[in-house]
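Please take a moment to look at the sequence and the structure shown below before reading on. The briefing that follows goes from a surface feature to the strands and then to the helices.

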Amino acid sequence: QVIWYHLNPAPKMSGVTSVTAQILSSSLSGNTILLKTPIGETTVQSPLIGRHNVYNVLAAAATAVSLGVPVENIREGIEQFKMMRGRLETIPNNAGFTVMVDFGHTEDALKNVLLSLKPLVNGRIITVFGCGGDRDNGKRPLMGKVVSKLSDLFVITSDNPRTEDPMKIIKDIKKGIRRKSGYYTEPDRYEAIKKALTLARSGDLVLIAGKGHETYQIFKDTVKPFDDREVVKQLLL
């Protein structure tokens, strides 16, 4: 059995079973979608944020349909989803702006996240990001390019430098940046997060990307405790 899933409008394919969704509304609290399946339709309040997560919902729903799960049970299951730790996780605060931590550490991941967030934010998007050391050098300028294109402000910092010089990694990232202002360089990740939070105003969104659920930073042979989420909480106390 083959089941296709799509966002509306679905392509016309005769004789093919499809699960589709129409996004009725989106916010930083999640998506309201009209889910259409071969076994019925239902309106679902998904707590997962962003257009890309609607595709994840569709994949899960299509799987459930193939297993014979009733549509109401599918709705109940989707509405009980919780954001995974470090995956577009909102860090509660009383500062008047939104802070999110995400694991996105590739060009494609950052692009999808920023494109999903952009229409949901009334203010500016301020991104904190870096690239891991001893890993694919080619993605560094690509990440710089996509963040500079889709963020209003950004701070380039360290991820897990490992055995590489953090400033060399940052230099590689900057090769993809096509603007002369609106960004900062701060290799100390704590100070970079602090800088972004200081820049933020009411209605803005600060996205701290790259490490997500991780609770450490790797420097050469040393692993140091570091949790983006806990840093934000400390700084916004």
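**Briefing on the predicted model**

In this predicted model, Val2, Trp4 and Val16 together make a nonpolar surface patch of about 270 Å². One of these residues, tryptophan 4, lies in strand S1, which covers residues 3–7, and tryptophan 4 counts as partly exposed because its relative accessibility is 42%.

**How the strands pair**

- Strands of a sheet pair through backbone hydrogen bonds, and the pairing is either parallel or antiparallel.
- S1 pairs with strand S2 (residues 17–27) in the parallel sense over 5 bridges, and histidine 6 stands opposite threonine 20 in S2.
- S2 and strand S3 (residues 30–37) pair in the antiparallel sense over 7 bridges, with alanine 21 opposite leucine 35 in S3, and these two strands form a hairpin that has 2 residues between them.

**The sheet as a whole**

- The 4 strands form an open sheet with mixed pairing, in the order S1-S2-S3-S4.
- S1 and strand S4 (40–46) are the edge strands, each of which pairs on one side only.
- From one strand to the next, the twist averages 20 degrees.

**The helices on the sheet**

- Helix H1 (residues 51–66) packs on the sheet and touches S1, S2, S3 and S4, while its direction makes about 155 degrees with that of S1.
- Helix H2 (residues 71–79) also packs on the sheet, where it touches S3 and S4, and its direction makes about 10 degrees with that of S4.

How values were computed:
Residues numbered from 1 in each chain as written. Predicted model: local features only at pLDDT ≥ 70, side-chain atom pairs only at ≥ 80, totals over all residues. Heavy atoms only, no water. Patch = residues over 30% accessible without salt bridge, like charges linked within 9 Å, V, L, I, M, F, W, Y side chains within 5 Å. Areas by Shrake-Rupley, 256 points an atom, 1.4 Å probe, with all protein chains shown as cover. Salt bridge = Lys/Arg side-chain N within 4 Å of Asp/Glu carboxyl O. Buried < 20%, exposed > 50% of the residue type's maximum accessible area, 1.4 Å probe, protein only. Pairing = 2+ DSSP bridges. Axes fitted to C-alpha atoms, helices over the stretch in contact; angles between N-to-C directions. Contact = heavy atoms within 4.5 Å.
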